[in-house]
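Please keep the structure open as you go through the points.

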Amino acid sequence: MRTAHTTLLTAMILGGLLVGALPAAAADDVVVNGSGWGHGVGLSQYGAKGQADEGRTAEQILTHYFQGTSVVDIGTAISGSWVLSEPEPVWVNLLQGRASLNVKAVGSGLLICQNEPSDLLLKQGDHSSYVILLESQLVSTGHFAGTPDTIFDNVTKSAVKAFQTDNGLAADGIVGSQTRSSLWPLDKDGENCLVQTPLPDGVELTITANSVDGTCSVASAIAAASCVASVRGLTPTSRVALSGKTYDAKTQEFAHGTFRMRPKSPGSIHAVLQVGIEDYIAGIAEVPASWPVASLEAQAIAARSYGVDKVLARGPQPGFSSTVRSNCWCHLYSTTASQVYSGWNREVHFGGRWNTYARGTAGKVLTHPTRSIVPTFYSSSTGGNTDTNENAWGSTPLPYLRSVPDPWSLDPSINPNASWVKTLSSESAAAKLGFSSINRIFVTETNTTGTVKTVSISGVKGGTITTTNISGGSFASKLGLKSRYFTVDWNGPPPVISGADQPVLHDPTTGKWLYRSPNGDVSSIYFGDPGDFGFFGDWDCDGVDTPGLYRR
């Protein structure tokens, strides 16, 4: 015997035709109306532009969005910090976990340097390109008088033993880790430049990560060495271009710091740029360079504060955790995962306007009585008020990330995302939300800041009738919305019912049923309680359709 509460598959429907014996209705699209773009916490970039248009200064803009803060010199904010004494403290991930990297010289004088493989062991009888490197190094130390070749012979062994004796090492004539460390000592960034490959102007070289032995090969190098490597000698006239990274439809180039490669795993390497703070800020590409000066200055100070806060949190590069090394070997990503960094391309874009005004704010950061460097979050725009950090991420409320008015974001003459509409078919929305079909979506709770806190979704999931409440952030993420500033109140078409012979219309406020009689007329009855779901079906298999209910 089939019973209504065990076999029906449906969901709440108010005021629409049901599928089955009644005429089928076309599926209605889910329409979401919203405003703003991004998480809405901290600085609103279009809001900053609007304020700059009205004549406000960068400091006025920043202290509006970050309540209780002050703009100060970084030396005052973090006096004595390692960040101030390190010329290039910022490690920025450019590309993550690639099987190979293509680098090209733009200008002359660049050099690719590679460490030796960590398990390299050289002894008498060996024949390899590493013997040439060994003998060349022994020539430079005055311990080898012959011509370097690939053969580790008796002469080579004698030279190694002499070097070992002079450096207080066990004189066994074998080049293991201790002898390697003395022959090719690591610099403060963990490199020793054992294998040196010139990178001539205009030449592109491929660095390939070998999955078998964990080494990396450079196209013209005589040996496959460590994936700990770098391109050195970067200047504005000797730059390195990195294929796979573009800005303004051009391959990105880097003119400051040191371009580094670091292993993620055998067969996979990261491309990372080690760079100074001000050179890093000059490459930030977060707002159009054509914007008003005060908005550019505010963005630069916010980007510097955000970046330095992240650098301080992860500490000096040698202390990176294994997780950080595997994920990116970095303090910051060059994407929106941190903030967009485009290097030299950004510096010269639009006549260098961003570069001029960003460098004009050199050393300026935001501080607060409770924090030396404020984590200056920012996004494109809001729905009229900025959001709080706890609404966005569920964290402890921070005094400098409170909600403040942002009316400039709602001005379509300033912000192209002052209003937007997202339209999806009910099938697409259901799939994105994890339902097989949906019947109802509406906002159940909104934060005082204007962002959505909770959304209710009713439909069929896993073969059962389900109503689920999810956060506004989760809903926005699943449906690809621009922000959490949105409204949605949708009644959709009913699903195809499984286990019922003839669905009915049910008004849950009155208990009144509407159904189609065999002759085509629409009849009505009262049955059940408000909120019940009703169907006609042959529940007892006697050949007669009778009413049945699903009661949640």
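A disulfide here is a pair of cysteine sulfur atoms within 2.5 Å. With that cut-off in mind, please note that this is a predicted model.

1. How many disulfides does the structure hold? There are 3 disulfides. If you number the bonded cysteines of the protein chain in sequence order, they pair as 1-2, 3-4, 5-6.

2. Take Cys113 and Cys193, whose sulfur atoms sit 2.1 Å apart in a disulfide. The link is left-handed, with -55° about the S-S bond. This pair connects distant parts of the chain, 80 residues apart. Cys113 belongs to strand E6 (residues 110-114), while Cys193 is in the loop between helix H8 (177-183) and strand E7 (195-199). Both Cys113 and Cys193 are buried.

3. Next comes the disulfide of Cys216 and Cys227, with 2.0 Å between the sulfur atoms. The torsion about its S-S bond is about 95°, so this disulfide is right-handed. Because Cys216 lies in strand E9 (residues 216-218) and Cys227 in the loop between E9 and strand E10 (229-232), the pair ties together parts that are 11 residues apart in sequence. Cys216 is buried, and Cys227 is buried too.

4. Finally, look at Cys328 and Cys330, which are joined by a disulfide with an S to S distance of 2.1 Å. Is this disulfide left-handed or right-handed? The torsion about the S-S bond of Cys328 and Cys330 is about -90°, so the disulfide is left-handed. Cys328 and Cys330 are both buried.

Notes
Residues numbered from 1 in each chain as written. Predicted model: local features only at pLDDT ≥ 70, side-chain atom pairs only at ≥ 80, totals over all residues. Heavy atoms only, no water. Helix = DSSP H or I, 4+ residues; strand = E, 2+ residues; numbered from the N terminus. Buried < 20%, exposed > 50% of the residue type's maximum accessible area, 1.4 Å probe, protein only.
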